[in-house]
Structure formats: structure tokens, C-alpha cells
Amino acid sequence: MQAGSAKSSQTLSAESANIVELKNISKSFPGVIANRDISLQVARATIHAIVGENGAGKSTLMKILYGLHQPDSGTISVNGYVTQFKSPSEAIAAGVGMVHQHFMLADNLTVLENIILGSEPTKIGVLSLGDARKQVKEIATSIGVEIDLDLPISELGVGQRQRVEILKVLFRGAEILVLDEPTAVLVPQEVDELFTNLRKLVATGTTIIFISHKLDEVLAVSDEITVIRQGSTVATVLPKSVDRLKLAEMMVGSDLPSHGKRTTKVGATIQLAAHNLTVLGKDNKNPVQNVSFNVAEGEIVGIAGVDGNGQFELCEALLGLVASQGTIEISGTDVSKLSIRERLKKGLAYIPFDRQREGLMLGASLWENSLLGHEQQLSRGPMIDLAAAKNSCREIIERFGVTTPNELVPAFVLSGGNQQKLVVGRNLATAPKILIAAHPTRGIDVGAQAAVWEEIRRSRDAGMSVLLVSADLEEVLGLSDRILVMFDGEIAAELDPKSATPQILGKYMTGTR
Amino acid sequence: MITKSKNSRLLMFVVGALAVISSVRLWTGQDALTSSSTIGTALRLTVPILLAGMAGLWAERCGVLNIGIEGMMIFGTWFGAWGAWQSGPWVGLVLAILGGMLGGLIHAVATVRFNIDQVISGVVINLLAFFGVRYLSDLVYVGKPGGGISQSPPQKWALPRFNLPILSGGEVAGWKSPDVLGRLETNRWFIIGDFGGITRGLTSDLSWATVIAIAVVPLSAWLLWRTRFGLRLRSSGESPVAAESLGIKVNHLRYYGLLISGGLAGLAGGTLSIVASSYYRQGQTAGRGFIGLATMIFGNWRPSGVLTGAMLFGYAEGIKLVASDSITALFLFIAAVSVMFFVLAVLRRKRTQIFVALGVFVLSAVAYRTIDTVPESLTQSLPYVVTIVVLATANQRLRPPAMAGVPFRPGEPH
Ligand SMILES: Nc1ncnc2c1ncn2[C@@H]1O[C@H](COP(=O)(O)OP(=O)(O)OP(=O)(O)O)[C@@H](O)[C@H]1O
Ligand SMILES: [Mg+2]
């Protein structure tokens, strides 16, 4: 236990029922105070939720507990011992495991390699791959996960990557599990499954700290909830004593987003259409099989489905990122032979599934990121019009409430939700004709979610067509004019949001109907 | 974990290639195409390229580009030759490795410790090596018999060479064993004769340095894919952020990776000045460090691929040395192979591949009919052309280490 020896006083703290105690933690980054005097107490073998608006400092606090950041002041005690983790390996040795908000996986390594990395079972330095495989398989079955251990990560969908991350932590035998927005891309059934499994772990003595913006889920599964606002703790409450509204109020001091009835009408002209669209797969199975649909002017068509049922490939095919068979039409003209750029010119915009992988240049400044795809409008001759580009970025920051010191900082300093707002803003700012939006509010807090929904509705009323892919059923039900359910690469059902419920959707999504 | 079908496909491929080259040999009467002397020379020329390629592989696998391989090889040639001149070839080889590691260490300190741009650091190492050893020569070699500013005195000892017993007539405890493959080669039958020539070339007149170099391939594969050290080293080239979040010390691994890379490059240089010749000469590396990098790309950053690529370059260079008039026969070989690719491409309906195969066929057929002597510059560029063609048509996706070349600062927010 190298962690303990680092700086541990042998004094057992008074309330040893608390497995984790963070006291008066402060942490500032250049220009921002991420945590100011935060305290957090987590009881052993419980599920403890942390909620708070985007940029409130949740991830930062958890990274401090995991040894990735060093606090400016304050103390951490784990298991009653005051410690100081200088690196993640010390935290891991002390039994802390963390699943990060943005996946920390090596794309070209296999699932198995990613899971065992850093804690490899070996015999005199040689990997015991057989043993490792057996152990991982055991853990996977114990929490009901099925996954091919020999695939490279690059071939997995977001949901499966999430599972790999969780397996990774469990493989290290973590006693304290930190999950930073583990459910952001999972549909309710998967969330239920995940939490049933996590409950099993809690029963064996594991403690779970998890961060989420989905308040229903927080209320349903947690034993205690800590609310953070602008870097300090507001309160720790029991789920019984609050409801969504109250939580939201404590978080952002504003009302819950609501889905008002739409007063405008869906237009008549078809703006986006796909006929018999098929994306050929590597094996005999096609990720997208014979999909046909159209989206009219001013219409929002929601696509619901468990991650990995072809939504990703469908979006890529519409955009031209992968080859497909069948036809794709924009405003009546066949675009299936056109390049991506030409399709974008015809008015297509895309909010990608994974903001960090497909949406942002993390090392580049915000204004450069918001410039992407709009270089033509924001340049003078061959030169980029710096003033105009920065101006347009400032507009996005203001309109979408991106919390940031200015538009010059690199994208990685933004909190996850604020990165998402920037990506959404970039795509809505230019008033596209057709928006393909994948998880547009992934990781965005309830307050900002309302704002993004409002923006999408406003653009819709102005005639924009939207294809909305989302794991958030409330979002799909609340925004869409029509819902398509994708299962196994095909459209399994078309539903009317007025009569559909999450339960009905869930049945189609899992193919039980 | 090679499956059975993979094995049989490999066998079919080998037999097919043999059949084609054998037909070409019989057709043109150029026996040198598959003679044991050509293959032996090719093998000797393969060794430094192979080691340079493996040096590149180790560096990029741990996440650092290594443009400085050429310079590390120069260190290897100089220190190797000095050691061999002073105290024999084995000491020379060890010093060659150490010399290369010195280059690797400089590269590591520059890129990992001080975050200097990896390409710039590599280029600087090349320059430093070139002028550095010239300065050393001035100090050590000038005035010695046979030595000078651009050349070392010749070495007195050479590394022992041997033939494999029974297969190629090697001696076992004084007993002169039969030369089975040699007999196969001399009959010159279709396929059998070529098989004999090629295998005899690979098993006779071997230097221990060659054996060591070839052993580097499986050893590296084993280290990188079967040991904890290897997995961690690859992870720091694929996703240093993920590795760090699991408590892995990325920068330490990059130091190790670059030391190994430098050592291999140094050994590559050593084989040039100790095995392939018996003295150090300025410009001895002749761009082989860069050819090595090409084989690394050709080989998709895998040891077996690097070996294949290096053999291709080695063969092209070998045939140029041993039998330069056989080169025109190679055009016929390329034409025949492109016909095979053409058929495959038609079967698989890959349009670009059909056109490329057709184009290569026409070009090589025309070249075969019209060209008698191939200009030096063309033969020298042949390996590069082959690499470009193969890279352009490779149907397997290239998988370079994802974060090779991207600086990593531990402990910084990401
Ligand atoms: N590496 C960094 N450098 C500079 N500032 C940072 C860095 N990481 C976070 N911040 C800032 O610290 C604040 C808190 O960020 P944090 O990621 O903890 O938010 P969060 O509560 O996890 O939000 P979200 O719900 O959007 O993920 C934000 O203002 C963010 O911009
Ligand atoms: Mg966060």
C-alpha cells in the first residue's frame, strides 16, 4: 500500500462509517476557480450522487479524489486515513477507481488489453492472457455484460465503450467506484440494468459515487445526493426529501425545462429523405438495413434506439462519411453521389455522437473550433477574417451560455457540458436547413438543456428539419413530431409521440415487441 | 494465434510466388534471380534495413517519431568500427549498440524531457552524428595507417561465418555434412531448383550478426505483445492520457522505447562497418535509416511486416549488386504478379485495384520489352516505388500508433 505511506496519519477519523471524506477542497485553474471549499462525505456501501450545473466543478472534484489533480488546499480521507494521492496509481492502490466523463481508452488496443492495462496479471513480467481473459469474463458475466474481448476499441459503439470503462475499474477491484456521467448515452433499460448490477456491488460492500444530469435517475437510485453549485456544496439531501423540481432549483436556481405544445405546423415539402438505405457491414450483418424515411420542413423526427443498433452508421451514411446503398435526397435532389462538403453546402449540419472524438480539436482555441465548417463565410479571400471568426464565437458563447473565461482558451479547459454547448452552438448558429443531431444535450445540465431545446424549437419553427438521435427518451418524446425506433439496423416502428410512452418505446427498442 | 486457414493461405501464397518467379527464370534464363548467391547477398543487405525498421517501430510504438535513425546508425558505424579495430568484432558490435543508444538518449532527453519537436530533434541528431563522428575521426583515425578523416583503419578480425549442417553443408565437429539444398539448387528444376537456391542462400555463409538481427523480430513481437512492459509501452504510444490515468509512467516508457530504438539503430550501423565491410567510412549508412522507416510503414508497424518489407528492399538491392542484367527479368516478374493481382481484383470487384494492377502490368511489360540496361537511378528508386504502390493499394487498413508524434506532458490537465 504505497498510497497509505505517502502521507498518512494513523489517526482514524471520528465517523469511520464514511469511507470517503473530502474536507474544504479548493482548486483553481488559471482564471477559474473550479472548487471552492467543497466538503463531501460518502457513507460506506452506498450510492452517492453528485449533481450540479455544467462547470460546477464535479469532474474536477472527482479527479482530485482520483489523484489526477492536486488540490490547492483541503484534505482527503479514504477509509478513515488522511491521504494525499500524488498520482492515480496511488489512488488505485487505495481502492479508488474512476470512469471518466470522456473515455480514457486506447483505440487500437483490444478490449482485453485496455481492461488489464496497468494491473496486468503476469508471471515474471509475461502477460498471463489466459488468466486475464478468465477473470474479465467472470466480472463481465457477474454484471451481465457481454463483449468480445479481442475487438479493438475503435470498433465499439459509445455504449460498449462505457461498459469497457466499467469493467476496467471493476477489474482493479475498486472498493470506491467513481462514475462520471456513466449514463449519458444509455437508454433507460440500460440504465436500469447498470444500476441493478451496481446494487449487487453495493451489497458486497462497494461504495459508488456517481455524477449525472438525469435527475429522475438520480432520485431513483441514490442513497444520498450532494448538490454542487459554482464550485461549492449547496447541500447533501436524501432522495426522499426532495423531488426533481427542488433539486433543479438547488442546482441552477431555475425551473425545469418543459415541453410546451407546438403551435406551428409541420411544412409540406420534404427536405431530407432516405430510400432503402443500406450500409454494408464487414460480416454478413449490415449495420443499417433498408431504412427509408423522410423529414419535412419544420419537422423533428426522433430516432430512438439502444446504442449500437445502426443509428451511428445511419448518420454517417447521411453525411457521406461511410459508403451506402440506396438513395439520399436533400430537398428532392439525389445527393448519394455527392461528397461530404457538397452535402454540407446543401444545408446539412451535424452534431456528432462524441464531441471530443468527432466534434472538437481539444488543443485549439474555442474560436478556431467554432470556425470549423464555416471557414467560407468567415474569411476574406483566402485569409480567415480573425475579427469576424472571434466575434461569431463570442456570439455562440453568449447565446448558448458556454461558461468560459473567453474565446481564446483551448477547448480542453471547458467542462464536458460546455464543450457540448459549443458544438451545438456551432451547428445551429448558421441556421442550417437540415440538422442531424446525435445526443444534442449529452452531458448538459437541466437549465442549459432547456435553452438548447428552445433553440432547436425556434429553428424548427423557422423551417429547419431535424433528425434527432437520442438516448434520452424524454427528449425524444418531448421534441419529436414523429418517432422512429431503430432495432438491429432496421426501423422497427414508427410511433406518435402523443400516444407513445417510455415503456412502449423501450419494448420496441429491445425487440421484445 | 495463427489459425489453420491463415497458415494454409500463407503456404499457397509462397508456392504461388515461387511458381511465378520460377517460370520467369526459366523463360528468361536468368538463373541469378533465385541463386543462392543472390539470396545470400540480399539477406546481408536486408539486415541493416531490418534493424533500422525495427528501430523505427520501437520508437513509434512508444509514441515518439524517430527521424534520427540515420544519425544513430552513423554513431553505430563509427563506434562499432572503433571497437572492432581496437578489440575485435564482438566488442565492436556492443559499442555500436551503445553508440546508437547514446543517440536514442539524446532524442529522449530532447523530446520527452524538454518537449522539443520530435522531427526537429531527429534532424538535429542526424546532423550532430554526421559532424560529430567526423570530429572524432579527426581525433582518433587521422595519422593511423589506412585511417583518415573520413575512414577508419581496417579491422584485423572478422566475425565467424558458418553454414547450417546437413541443409547447406556445414561442418559438425569436423564432419563435413552433405549439402542437400545445394544439390537441389544445381539441378535447376522448376520450383524445386528455386526453392533450393533460396533456402540455401538463407542458410549458408551466415554471420552471427545476421542471426542476431533476425532474432530481433520475434523477440520484439514477443516483448511488445506478450509482456507487461510491451503492453504498457504500446499504450503510451496509443493513448498516453489513458495510460497515465491508470498510473502508468508514460515518460519512463518513452525513455526505454527510445533507448531500445537507438540500440537497434546502432546495431544496424555496426553491421555495416563490421560485418558488411571491415572499416568505417563516411556516408556508409547511405540513407538506410530512412529506408528502414519506409519498411516500418510498409509493415504496418508490425515486426513481421517490417521483416517482409526489409527483405523486399534487400532483394531489390541484392540483385542489383550480384546480377544487374537480371533486373530486366524482374520487370517480367512484376508483370506476372500484377496479372495475378488483376485476376484477384476482378474477382473481388475492386475498381481501383483493377486499374492499378492493369497499369503496373502495362508499364512493366513495356519496360521489359524496351529496356536493356536499367539506369542506376531507376534501380535505386525501385524499392521506394514498390513501397508507394503497395501502400496505395493495401486493402488492410494501416494502423499507426495513434499518438506517435504527439508530445505528452504528464500531470497536465487534459
Ligand atoms: N484543465 C483545466 N484547465 C482550466 N480550466 C479547467 C480545466 N478543467 C476544468 N476547468 C474549469 O473548471 C470548471 C469546472 O469544470 P468541471 O469539469 O469540474 O465541471 P463539471 O461540473 O464536471 O461540468 P459538466 O457537467 O459540464 O461536466 C469549469 O469552469 C472548467 O472550465
Ligand atoms: Mg464533468
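I count a contact when heavy atoms lie within 4.5 Å. The model is predicted.

Entry one: the residue.
I started with A:Asn35, which sits in strand E2 (residues 32–43) of chain A. Is A:Asn35 buried or exposed? I found a relative accessible area of 0% for A:Asn35. The cut-off for buried is under 20%, so A:Asn35 counts as buried.

Next I listed what A:Asn35 touches, leaving out residues up to four places away in sequence. Among them are A:Ile25, A:Ser26 and A:Lys27. The list also includes A:Ala56, A:Gly57, A:Thr60, A:Leu61 and A:Ile64. A:Gly231 is on it too.

The A:Asn35 side chain reaches the backbone nitrogen of A:Leu61 at 3.5 Å.

A:Asn35 and A:Thr403 are separated by 368 residues in sequence. Their C-alpha atoms are 15 Å apart in space.

Entry two: the sheet.
I traced an open sheet of 4 strands in chain A, ordered E14-E13-E16-E17. The pairing is antiparallel. Which strands stand at the edges? They are E14 (288–296) and E17 (333–334) of chain A. Each has a single partner strand, so one side of each lacks a neighbour in the sheet.

I looked at one pairing in detail. Strand E13 (residues 270–279) of chain A is joined to E14(A) by 6 bridges. At A:Val279, the bridge partner in E14(A) is A:Val288.

Helix H10 (residues 311–319) of chain A does, touching E13, E14 and strand E16 (325–330) of chain A. The direction of H10 makes about 120° with that of E13(A).

Definitions and conventions
Residues are numbered from 1 along each chain as its sequence is written. Chains are lettered from A and ligands numbered from 1 in the order in which they are written. This is a predicted model: local features need pLDDT of at least 70, side-chain atom pairs count only at pLDDT 80 or more; totals for chains, interfaces and linings use all residues. Side-chain values use heavy atoms; hydrogens and water are left out. Two strands pair if DSSP finds at least two bridges between them. Axes are lines fitted to C-alpha atoms, for helices over the stretch in contact, and angles run from 0 to 180 degrees between N-to-C directions. Buried means under 20% relative accessible area, exposed over 50%, partly exposed in between (1.4 Å probe, protein chains only). A polar contact is a pair of N or O atoms within 3.5 Å; within protein, one must be able to donate a hydrogen and the other to accept it, and residues adjacent in sequence count only if both atoms are side-chain atoms.
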